[in-house]
Structures are given as structure tokens and as C-alpha cells.
Amino acid sequence: MKTKKILLLVLSIVLFSCSENDDIPNQQSNLQSGVVISFDDDYVDEWFEVNNVLEPYDWKATFFVTKFNQLSTAKIQKLKDLKIDGHEIGGHGLNHLNAPNFISANGTAEYLNQEIIPMETLMNNNDLSTTSFAYPYGARNTTTDNLLLNRFEIVRGTTYGNANPASQNCYYNNNNLVFGLGIDKNYSHFSISYFLSLLEYAKNNNKIVIFYAHKPVPTFQNNYETEYQTLIEICNYVKSNNMKFYKISELYNLQNSI
């Protein structure tokens, strides 16, 4: 009889332990809803200016910079100032290469030697070391993911379209590979009301929306530009609804705190 009781006790402990572990992935629902606003390329002057415009919203962003070797001292200082102001500076490749195409033609070692390692060295030497990376052109595959996730804590790809908010792929997914939705005005899915509907879905479901832009401007004139008004509407919604502005590296920290 004692043996049976002991076996029942052990079994109950095992079952309880399994149910506790099974609940772990669902803990993401307890996250504070919010947004990641990210910018790509080398529009440092424009990033610096829009920071002044959006300062009243206590916003935070991640700026993925490319062609670091071509930046002036003044622009590098502006990146440092943005970092001091609480923003994040991420990597976007030294030469803005299409990773899958380049690797297919030249191999992974050459890609690292031309695109990643010199970028990291320059950023490190300027006190702008990074743990995050965004793919140029959003071009990626399993090979590039495996390669870059060995060097960076979190990597961002891209997603497109105006799918129903519940079906969108631009939410933090408790993974170190995430996808952002473009908010430049030239995208066919551009719609401020749609972007706000994604934020509403995130608010109601404890999710984090990931957006990306390129060049912030007062008025749209060329491709890959995001108007101030779009950013103001997004930031106003986030602040008015007590949501949080996340930097992309914070998503990695969230993943590892669960």
C-alpha cells in the first residue's frame, strides 16, 4: 500500500511539472502590449530630426544603419546622441548586400568578411556595438538566419500586405527572428488606419507590433519615405493607450526572461 501511495505521489509531481512547462509559451500573453518602430539605411540626419518631432511622445526606436564606413564624423555623433537619448543603433550590413544572393555566389565566409565583420568592427570602435541586425531588402533564408543568429541576438526580416490583423506576421513571436511591416507611403498596403488596427489588435491581445521605415520626411515625395504624420499617428496611439515603445533588443531580453 505504501508503495502505491509513493508511486501516485511521484506521478502527480511529474504531471504537475509537465503542465507547468506546457504553460511557458503562453506567458507571452502577459507582456505589455506595444510597438517596435525601426528605421533602415543611413538617413541619419532625418532620423535625428524626427527624434525632435516625436520627443513629446516619449518614443523609442531602433535605427538599423548601413554603409557605416561612409558616414561623416557628424553623422556618427548624431547616432551616438540618439543612443544616449535611449534609442538603439542596430546593424544593416556594411554594403547593404542581398544576403542570399551574395552567399549563393560567394559563400558565407566572404559574406561575413565583406558585410558583417567590418561593420561590427567600425561600430564597436565608435562605441555603437550592436546585438541586432535587419536584413537589407528583407532578403533572407534559413542559411542566412543560422549564420547571423550566431552573431546577433535578434534578427529582423520583413513582411508585407494588409491581412486581417489576427493573421499578420508583424508581431513579436517569442523568437529571435522577427518580421516587420513597412510603413513607407509607397507600399501598396500603406494605410494609417490599417496600421492603427494592428496596434488595436496588439493592445487587446497583449502583443507587440513591429514596424519599419526608411527616411522620415514632413511630406512624401519619393519611394521609401515615411511622413511625419504617419509616425505621429502611431506614437499618439501608443501613448494614448498606455502601450510601450520597445527597442528591438528588448524583445530578445523578453524572450530570455520568460
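Predicted model: local features only at pLDDT ≥ 70, side-chain atom pairs only at ≥ 80, totals over all residues.
Local features need pLDDT of at least 70 and side-chain atom pairs count only at pLDDT 80 or more, while totals for chains, interfaces and linings use all residues. Residues are numbered from 1 along each chain as its sequence is written, and side-chain values use heavy atoms, without hydrogens and water.

Two packed helices are described by the angle between their axes and the distance between the axes. Helices are DSSP runs of H or I with at least four residues, and strands are runs of E with at least two, numbered from the N terminus. Axes are lines fitted to C-alpha atoms, for helices over the stretch in contact, and angles run from 0 to 180 degrees between N-to-C directions.

Helix α2 (residues 44-54) and helix α3 (residues 73-84) have axes that come within 9 Å and cross at roughly 35 degrees. The crossing is left-handed (the near helix is turned anticlockwise from the far one by less than a right angle; clockwise is right-handed). Val44, Asp45, Trp47, Phe48 and Asn51 of α2 make the contact with Lys75, Lys78, Leu79, Asp81 and Leu82 of α3 (heavy atoms within 4.5 Å). Five of these residues are nonpolar, one is polar and four are charged. Here Ala, Val, Leu, Ile, Met, Phe, Trp, Tyr, Cys and Pro count as nonpolar, Asp, Glu, Lys and Arg as charged, and the others, Gly among them, as polar.

For helix α4 (residues 99-106) and helix α5 (residues 108-125), the axes come within 7 Å and cross at roughly 125 degrees. α4 is therefore oblique to α5 (angles under 35 degrees are roughly parallel, over 145 roughly antiparallel, 65 to 115 roughly perpendicular and the rest oblique). This crossing is right-handed. Ala99, Phe102, Ile103 and Asn106 of α4 meet Thr108, Glu110, Tyr111 and Gln114 of α5.

The axes of helix α7 (residues 192-205) and helix α8 (residues 228-240) come within 10 Å and cross at roughly 20 degrees. α7 is therefore roughly parallel to α8. Their crossing is right-handed.

The largest pocket holds about 210 Å³ of space. A pocket is an open set of points on a 1 Å grid over the protein atoms alone, where a 1.4 Å probe fits, with protein on both sides within 12 Å along at least five of seven lines; lining residues have an atom within 4 Å of a point. The volume is the space filled by probe spheres set on the points. Of the 16 lining residues, His96, Tyr137, Tyr187, His214 and Tyr224 are the closest to the pocket centre. The lining has eight nonpolar, five polar and three charged residues.
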